[in-house]
Amino acid sequence: MNENGALTKRIVKESARLQQEPVPGIDAIVDEHNPRYFKVIIDGPSESPYEGGKFKVELFLPDEYPMAPPKVRFMTKLYHPNIDKLGRICLDILKEKWSPALQIRTVLLSIQALLSAPNPDDFLDADVAEKWKADEKGAKAIARDWTQRYAHET
Amino acid sequence: MDEELIVLKAIYLDDLIISNDKETFIHIKIYSNGDENDFDHDKRLLYVTLIAELSSYYPETESPKITLCQSRGLKDEQLNELNSLISSCLELNSGSCVLYECIELIRSKLSSYELPHEACAICLTSIDNRNDIIKTNCHHFYHKNCLASYAKLKKVELEEKFQELINNKFFIEKDFRNDIEDPVCRQILSSTIIEQLLSSSSMKIINENHENEELIRNLSPTIREWQEKMNALFQQQKEKGGIIDLDKNQEIIFT
């Protein structure tokens, strides 16, 4: 088998494992038309302002994957200092700290952890970060309200 | 016992260390066989250290106390297997000289474990061919091709970043252009390893369409069910205005 085959095989393995041993609180399903595109739902972590929300995330594996990181974006609106209006995520492992030993599941777990622990010092959305630093309680209330409004199942 | 130790010393030379305190200890690092002509220990992938404590009643009435430690490349089950092999060997040969027996038993077993048990962390497939392996300075194993294509991509990225800093006249504290990290432990790879990787024949990552089709054909019904569930949730959130509208937002950003 050539290396290219081996790397594509990695994607198949990851897809299968995501289905067989799902990560608690995360559903990741490969798209029906494109095996490099994943539809993901991340449950808002308990004891966070995102609790009870089901957040849709899209994840795309570029041709260079796993040498280059997957591209990940929130589709559901959420109020978070490290996630901007377009749903883009500020997370080091999605950029310069990417390593090919990381996988789809580790990336999604990191994103879920980011929901539990927002980091307003390394912000992506300046407005949200400012609010978060000035009035954390108020910011969390907004985040909870958005979760209620946009991310609840019913 | 003394005679046995003399013979062992003659066989294993400097690999075997004998120390006499109250009890006699022997200490030997056992490597897997590797290539017959390859005596370079660094190229051997697996080893384990055997320590035997010999009381003055050995071998007549007491077996040696054997411990295995400081292993490399072995998983717990394999170490357990080695330990149980030793115990049964000791039991079988109680009353006679058993050290050579034990050492060679371990060596032959190690050689059967020769290939590292972990799959390559980059492509997630097992490493079946000895010639494909690269071991990093931090003792992680990969397919050479897998690590090479990562190193090459990372090198380009680092060069670009460096150039950008220079172009913008930033102060550069340290030349980081060769700071390629081990994918698993993030320790910086040694220059010898990097050289080896960057000079290896290049490999393209292409994604062919027919592979995609095949992948999709293999989807199980469960996945299809989940896909439908997700689509339903998406619609629901969309109706409530909870989905980020990229087109609309692009306008906001650019105007």
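Here we take the labels one by one.

Modeller: First, this is a predicted model, where local features need pLDDT of at least 70, side-chain atom pairs count only at pLDDT 80 or more, and totals for chains, interfaces and linings use all residues. Residues are numbered from 1 along each chain as its sequence is written, while chains are lettered from A and ligands numbered from 1 in the order in which they are written.

Biologist: How many helices and strands does chain B have?

Modeller: Chain B has eight helices and six strands. Along the sequence the pattern reads α-β-β-β-β-α-α-β-β-α-α-α-α-α.

Biologist: How do you know what span helix H7 of chain B should have?

Modeller: The expected span is 1.5 Å times one less than the number of residues. Helix H7 of chain B (residues 221-239) has 19 residues and should span 27 Å; its end C-alpha atoms are 28 Å apart, which agrees. Just after H7(B), Gly241(B) has a positive phi of about 75 degrees.

Biologist: What makes strands S3 and S4 of chain B a pair?

Modeller: Two strands pair if DSSP finds at least two bridges between them. Strand S3 (residues 47-54) and S4 of chain B have six bridges, in the antiparallel sense, so they pass the definition. One of the links joins Ile51(B) to its bridge partner Thr67(B) in S4(B).

Biologist: And why are S1 and S4 of chain B said to stand at the edges?

Modeller: The open sheet has four strands in the order S1-S2-S3-S4 (chain B), paired antiparallel. Strands S1 (16-20) and S4 (65-72) of chain B each have a single partner strand, so one side of each is left without a neighbour in the sheet. From one strand to the next, the twist averages 15 degrees.

Biologist: Which helices lie against those strands?

Modeller: Helix H1 (residues 2-12) of chain B lies across S1 and S2 (24-31) of chain B, at about 150 degrees to S1(B). Helix H3 (residues 99-113) of chain B packs on the sheet, touching S2, S3 and S4 of chain B, with its direction about 20 degrees from that of S2(B). Axes are lines fitted to C-alpha atoms, for helices over the stretch in contact, and angles between N-to-C directions run from 0 to 180 degrees. Contact itself asks for C-beta atoms, placed from the backbone, within 7 Å.

Biologist: Why is Cys90(A) called partly exposed?

Modeller: Buried takes 20 or more other C-beta atoms within 10 Å, exposed takes 12 or fewer, and partly exposed is in between, with C-beta atoms placed from the backbone. Cys90(A) has 18 such neighbours, so it counts as partly exposed. UniProt, in an unreviewed entry, lists Cys90(A) for "active site"; such annotations may be inferred rather than shown by experiment, and positions use the numbering here, with feature names shortened.

Biologist: What about Ile193(B): what makes that one partly exposed?

Modeller: Ile193(B) has 19 other C-beta atoms within 10 Å, so partly exposed is the label. Ile193(B) is in helix H5 (residues 191-199) of chain B. Leaving aside neighbours within four places in sequence, it is in contact with Thr136(B) and Asn137(B).

Biologist: Finally, how many residues does each chain give to the contact between A and B?

Modeller: Chain B gives 37 residues and chain A gives 37 residues. On the side of chain B, the largest share, eight residues, comes from H7(B).

Key:
Helices (H or I, at least four residues) and strands (E, at least two) are DSSP runs, numbered from the N terminus. Two residues are in contact if their C-beta atoms, placed from the backbone, lie within 7 Å.
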